[in-house]
Each structure stands twice: as C-alpha cells, then as structure tokens.
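Visitor: I am new to this structure. Could you walk me through how to read its features?

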Amino acid sequence: MKTMSASVIIVCLFAILFAFANIMTANRMRESALQIYEHPYTTSNTAAIIRSRLLDMRRFVKTFLTTNFVNASKTRKLFAERYALQNDAINILYQRYLGPKKDIDALQSAMDELIVAQDRAIELVTPPPPPPPFIARNPYPPECA
C-alpha cells in the first residue's frame, strides 16, 4: 500500500512539473508571437514617420528660410522641436530594430549631420529688410484717375 501511494505521489509531482513547464513554454511562445506581430509594424511605422518628417523638413526648410525667416533664435527653437521628434523616433528604432545596430547608428549620425548643416544654414540667412515707408503704409498703388 505504501509503495502504491509513493508512486502516485511521484506521478502527481511529475504531472505538476510537466504542467508547469508547459505553461511556461506557452507563455514564452505567446510573448514571442506578440513580438513577431508587433515588431514589424512598430519598426516600419517609425521608419515611415522619420522619412515623412525628413521630406517635410526638406520642403519646409527651403520655404521657411527664404520667406518666413524672422530671427535665428526663433528658427532654432522651431527646428529643435522637429529634431526632438526625429530623435525620439530614432530611439524607438534603437529599441525595436532587430537588424544590426550600425544601421541605426548611421541614421543617428546622418541626423546629427543634418542638424549641423541646418544650423549653419540659419547663420547664413538674414531677415528681409523692412519695406520702404510708403509701401508699409500703403501697399497698393494709388488708383489712376
């Protein structure tokens, strides 16, 4: 009788260990499946956002520096907000990208070079001169009588 109860206890312990191992394996599989599902979307969406902002900045910078430039400090502040968004997105890629980190390092390096180049461009731009007094008071020509 004792041997039968000892063997039942051993079988029950093995069953509990087996169930625990299966639960842990299923949990890891669920986490892996979730990562496989979410990872490509997060990475590709972040990369698309970075690309979209860069294209927007290319158009925006040309227009802004040639027509809407007021002074260097306001322009730097505006650009800094855009750079912060880009750097936040790059940090997401550092966390999520499964490829070589040198790819993200190259992206960060290119962003840093862009910041330096645009900062130099701000230095080269001067605000437009104020309009002559007559035009400032009366921008439209007098009507011909």
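Guide: Let us begin with exposure. A residue is buried under 20% relative accessible area, exposed over 50%, and partly exposed in between, using a 1.4 Å probe and protein chains only. Glu 123 has 53% relative accessibility, so Glu 123 counts as exposed.

Visitor: What should I know about the model itself?

Guide: This is a predicted model, where local features need pLDDT of at least 70, side-chain atom pairs count only at pLDDT 80 or more, and totals for chains, interfaces and linings use all residues. Residues are numbered from 1 along each chain as its sequence is written, and side-chain values use heavy atoms, with hydrogens and water left out.

Visitor: How many helices and strands does the protein have?

Guide: Helices (H or I, at least four residues) and strands (E, at least two) are DSSP runs, numbered from the N terminus. Here there are four helices and zero strands. Along the sequence, the pattern reads α-α-α-α.

Visitor: What share of the protein's residues counts as buried?

Guide: The share is 15% of the 145 residues. Accessible areas come from the Shrake-Rupley method with a 1.4 Å probe; for residues, only the protein chains shown count as cover. The protein's accessible surface is about 11400 Å², and carbon and sulfur atoms hold 67% of that.

Visitor: Is Gln 118 buried or exposed?

Guide: Gln 118 is buried, because its relative accessibility is 8%. Gln 118 sits in helix α3, residues 101-124.

Visitor: Which residues does Gln 118 touch?

Guide: A contact means heavy atoms within 4.5 Å. Leaving out residues up to four places away in sequence, Gln 118 touches Met 57, Val 61, Phe 79 and Tyr 83. Now take the whole protein. Of the contacts between residues at least 6 apart in sequence, 69% join residues at least 24 apart.

Visitor: How many salt bridges are there?

Guide: A salt bridge is a side-chain nitrogen of Lys or Arg within 4 Å of a carboxyl oxygen of Asp or Glu. By this rule there are three. One of them joins Asp 56 and Arg 82, with the closest N and O atoms 3.0 Å apart. Asp 56 is in helix α1 (residues 2-67) and Arg 82 in helix α2 (residues 72-96), so this pair ties together parts 26 residues apart in sequence. Asp 56 is partly exposed, at 32% relative accessibility.

Visitor: Which residues are linked in a network of salt bridges?

Guide: Arg 76, Asp 119 and Glu 123 are linked that way. Arg 76 meets Asp 119 at 2.6 Å, N to O. That pair links distant parts of the chain, helix α2 and helix α3, 43 residues apart. Arg 76 also meets Glu 123, at 2.1 Å, N to O. Arg 76 lies in helix α2 and Glu 123 in helix α3, so this pair ties together parts 47 residues apart in sequence. Arg 76 is partly exposed at 28%, and Asp 119 is partly exposed at 33%.

Visitor: Where does positive charge gather on the surface?

Guide: Lys and Arg count as positive and Asp and Glu as negative; His and the chain ends are not counted. The place of a charge is NZ of Lys, CZ of Arg, CG of Asp or CD of Glu. Patches are made of residues with over 30% relative accessible area and no salt bridge: like charges are joined within 9 Å, nonpolar side chains (Val, Leu, Ile, Met, Phe, Trp, Tyr) within 5 Å. Here Arg 51, Arg 58, Arg 59 and Lys 62 form a positive patch on the surface. Arg 51 lies in helix α1 and is exposed, with a relative accessible area of 57%.
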